[in-house]
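Q: Could you walk me through this model, starting with its open spaces and then moving on to how its helices and sheets are put together?

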Amino acid sequence: PTPPGTRPAHARLWPAREPLASPCYKPVPVSLVILDNLRLAFGGQTVFDGLSLRIGDRDRIGLVGPNGSGKTTLLRVLAGEQAVDSGDIHRARRLRVGYLPQDLAVTGDLPLAEFVLSSVPGRADLDRELADAERDLERASGAGAGEEELMELAARVADVHERLDHFERFFAEHEALRILAGLGFRADERDRSIAELSGGWKMRAVLASLLFQQPDLLLLDEPTNHLDMPSVAWLSGFLQRYNRAFVLISHDREFLNEQIDRVAAFEPEGFRQYNGNFDQYRRHRAEEEEVLRNRARNQEKERERMERFVERFRAKASKARQAQSRAKQLERMEEIEVIPTRQTMRIRFPAVPRTVNEVVKVEGLVKAYGDHVVFSGVDLFVQRGDKIGIIGPNGAGKTTLLKILAGELAADAGTVRVGRDVQVGYYAQHHADTLHPESTVYDEVARVNPEATPTRVRAVLGALLFSGDAVDKPIAVLSGGERARVALAKLLINPGTLLLMDEPTNHLDLESSEALAESLADYGGTVVFVSHNRRLIRALATKIWNIEDGRVETYPGTLDDYMYSQRLRLEQAASGAQRAEAAAAASRAEAPAAGDAARPAERGRGRDRERRRRQAEARKRRAAVLGPLERKVADLEARIEAIERAQKERGTALSDPAVYADAARRDELLGAYQADARKLEELTARWEHAVEELDAARAAFDAGR
């Protein structure tokens with residue numbers, strides 16, 4: 001068993017009573033979890049009442065709703081970490097659940113790779129069981145045991161070998177390292193102690209351990225909060241290939257749309273479910289609201305018409321019976337309730353004074369931490385009205401650059417000049433560290449701008465959904481989303497003319513994230529922001545700074561423009577001289593010779609020949625690049641299949657008690673079995689890498705067509 005304290009409790013997947021059951025080949029029931037009529041309240045506040053949900057073995061569910069609606073609480077219920085007041089919870093037998101919370105505590109000092117590998121318990125137990133089984137079989141053979149007993153012991157050895165083989169196949173070290181690399185860890189960090197990692201990198205390590213374990217049900221609460229854009233893209237691809245169930249909470253609309261095919265929503269009228277991704281859910285929801293509004297409008301007109309009839313003819317003897325009948329219909333008429341309007345943030349930045357054109361100028365910026373050089377000789381320019389999105393891998397220096405611009409961190413060399421009368425507002429990624437836990441919400445915001453009237457402070461807090469007694473809550477008791485809104489309120493009360501924002505949508509729900517994006521787009525000042533939220537960058541950025549390898553590349557365009565230019569660069573690098581030669585040949589063929597008086601039909605036939613020639617050349621280039629990769633994949637598949645057949649034959653032989661009477665034969669079989677198991681692991685890793693190369697090459701050719 002893994003030593004206590006080295007693995008977070010939520011990463012425990014296997015039932016304690018059956019630790020050696022294979023997680024890969026057991027049949028998974030159709031329903032993993034069924035929640036029936038759950039009720040839960042904290043103090044006097046009801047979190048949910050009458051909640052029912054069924055999770056199937058391939059469901060991909062997005063959990064949506066405003067902050068504080070109960071999304072995280074429901075994940076805790078599914079993970080078995082939160083009890084409910086009433087209702088029934090049915091879980092499939094031996095269900096393995098992996099849970100990634102927003103806030104986690106990781107203890108211990110295991111090396112990174114070992115942390116991930118040891119998150120799946122059972123390997124040490126299997127090794128011990130195999131040693132015990134082989135010792136018992138050897139002892140029985142030496143003691144002249146009967147055939148039936150030897151057969152039983154041999155079957156036990158073969159069974160453990162098979163389970164060990166399954167374990168190695170599905171929980172191999174190369175797979176753990178591949179996941180770590182996808183989430184941004186360098187190869188030389190595999191032996192780095194988990195205790196040395198920052199909070200965001202510890203979250204990545206725990207996420208890697210959960211993905212490595214392949215649970216039947218994966219529960220992810222804002223998994224992209226601490227990931228950069230390359231890691232978000234890798235995680236998106238991983239989850240799209242994941243063939244088990246998961247429930248996902250995310251403020252990244254594009255990421256949510258890529259992953260889910262079902263939405264479970266906390267709505268004002270209760271817990272609702274919709275088929276489709278998030279955009280489809282929003283359309284269904286809008287249609288529902290419109291239908292209910294129309295029905296309510298029509299019902300109100302019908303009610304008014306019937307009331308007029310009753311009032312008009314109640315006293316007339318000839319119409320009294322009809323009037324009485326209409327009055328009874330009115331009494332029985334059920335009220336059609338329209339969907340209540342959900343409260344959302346109403347962020348509106350005040351008008352800002354016009355500043356100088358040169359808001360910030362950076363020259364020769366140098367910053368290093370010990371031997372690690374973050375920036376070396378960087379020059380940057382921020383112009384009035386710019387909306388600059390900073391992107392790049394984690395650790396490249398995005399937050400460091402923002403802190404230097406904000407004056408929170410000193411540069412080692414170079415100059416940072418902020419324009420005259422430019423007022424800087426800074427929103428830190430770890431905004432919780434900038435808040436005073438003992439202060440109330442009101443005091444924390446009022447402290448920023450002593451000149452603001454109480455009415456102004458309360459108006460700003462109301463726009464960010466703090467009203468009534470909520471403004472008197474201590475900061476210490478607020479949720480992550482509420483603290484993010486307090487930090488935004490501090491900006492609104494005194495925004496300045498230059499906003500520097502580090503991951504502003506972290507901990508905000510989807511509606512709040514989109515409200516923030518709209519308000520920043522309308523903001524009259526200058527914005528420089530770090531974000532991995534592609535929707536926010538697309539909606540806001542008019543210029544991109546890409547930070548990588550100590551350099552900052554300035555791209556004067558949107559994120560889509562930048563990504564398109566990157567794809568063109570990759571395609572050009574891949575095709576090289578062949579593409580240039582083809583373009584030159586096509587140009588020569590299409591250019592008319594001097595004095596050419598060819599008829600239109602002849603020119604048309606010439607263009608057809610040239611088109612067919614270019615197509616043939618494209619097929620030739622495609623075959624030249626893809627052919628070797630396809631042959632490599634086919635060769636590896638054939639070798640893997642041959643080894644698997646041989647392993648099956650050895651497994652059958654090892655189940656025969658007679659084999660154990662011949663020590664040399666037994667050792668030969670066991671040695672070959674173990675050697676081929678290692679070889680199979682290596683070939684499988686090479687096959688996966690070859691398939692990825694082939695897919696990437698095909699995608700490059702398809703994109704270049």
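Predicted model: local features only at pLDDT ≥ 70, side-chain atom pairs only at ≥ 80, totals over all residues.

Q: Which helix gives the most to the lining of the second largest pocket?

A: Helix 19 does, with 6 residues. A pocket here is found on a 1 Å grid over the protein atoms alone, as an open set of points where a 1.4 Å probe fits, with protein on both sides within 12 Å along at least five of seven lines, and lining residues have an atom within 4 Å of a point.

Q: And how much space lies in that second largest pocket?

A: About 730 Å³, where the volume is the space filled by probe spheres set on the grid points, which are joined across faces, edges and corners. The second largest pocket is lined by 22 residues, of which Glu175, Arg178, Phe238, Arg241 and Glu688 are the closest to its centre. Two or more lining residues come from each of helix 4 (147–170), helix 5 (173–182), helix 6 (199–213), helix 7 (229–241) and helix 19 (663–704).

Q: What does the lining of the second largest pocket divide into?

A: It divides into 10 nonpolar, 4 polar and 8 charged residues, where Ala, Val, Leu, Ile, Met, Phe, Trp, Tyr, Cys and Pro count as nonpolar, Asp, Glu, Lys and Arg as charged, and the others, Gly among them, as polar.

Q: Switching to helices: at what angle do helix 9 and helix 10 pack?

A: Helix 9 (residues 278–313) and helix 10 (residues 320–332) pack at about 145 degrees, with their axes 9 Å apart; axes are lines fitted to C-alpha atoms, for helices over the stretch in contact, and angles run from 0 to 180 degrees between N-to-C directions.

Q: Which residues meet there?

A: On the helix 9 side they include Arg303, Met306, Phe309 and Phe313, and on the helix 10 side they include Ala323, Arg326 and Leu330, with contact meaning heavy atoms within 4.5 Å. The residues of this contact divide into 8 nonpolar, 2 polar and 4 charged.

Q: OK, sheets now. What is the order of the open sheet of 3 strands?

A: The order is 2-1-4, with antiparallel pairing, and two strands pair if DSSP finds at least two bridges between them. Strand 2 and strand 4 stand at the edges with a single partner strand each, so one side of each has no neighbour in the sheet.

Q: How many bridges pair strand 1 with strand 2?

A: Strand 1 (residues 31–42) and strand 2 (residues 45–56) pair over 9 bridges, and arginine 39 stands opposite aspartate 49 in strand 2. The two strands form a hairpin with 2 residues between them, and glycine 43 in the turn has a positive phi of about 65 degrees.

Q: What about strand 1 and strand 4?

A: Strand 1 is joined to strand 4 (residues 86–91) by 5 bridges, with isoleucine 34 and histidine 90 as bridge partners and leucine 35 opposite isoleucine 89.

Q: And the order of the open sheet of 6 strands?

A: That order is 14-15-16-12-17-18, with mixed pairing, and its edge strands are strand 14 (424–427) and strand 18 (551–555).

Definitions and conventions. Residues numbered from 1 in each chain as written. Heavy atoms only, no water. Helix = DSSP H or I, 4+ residues; strand = E, 2+ residues; numbered from the N terminus.
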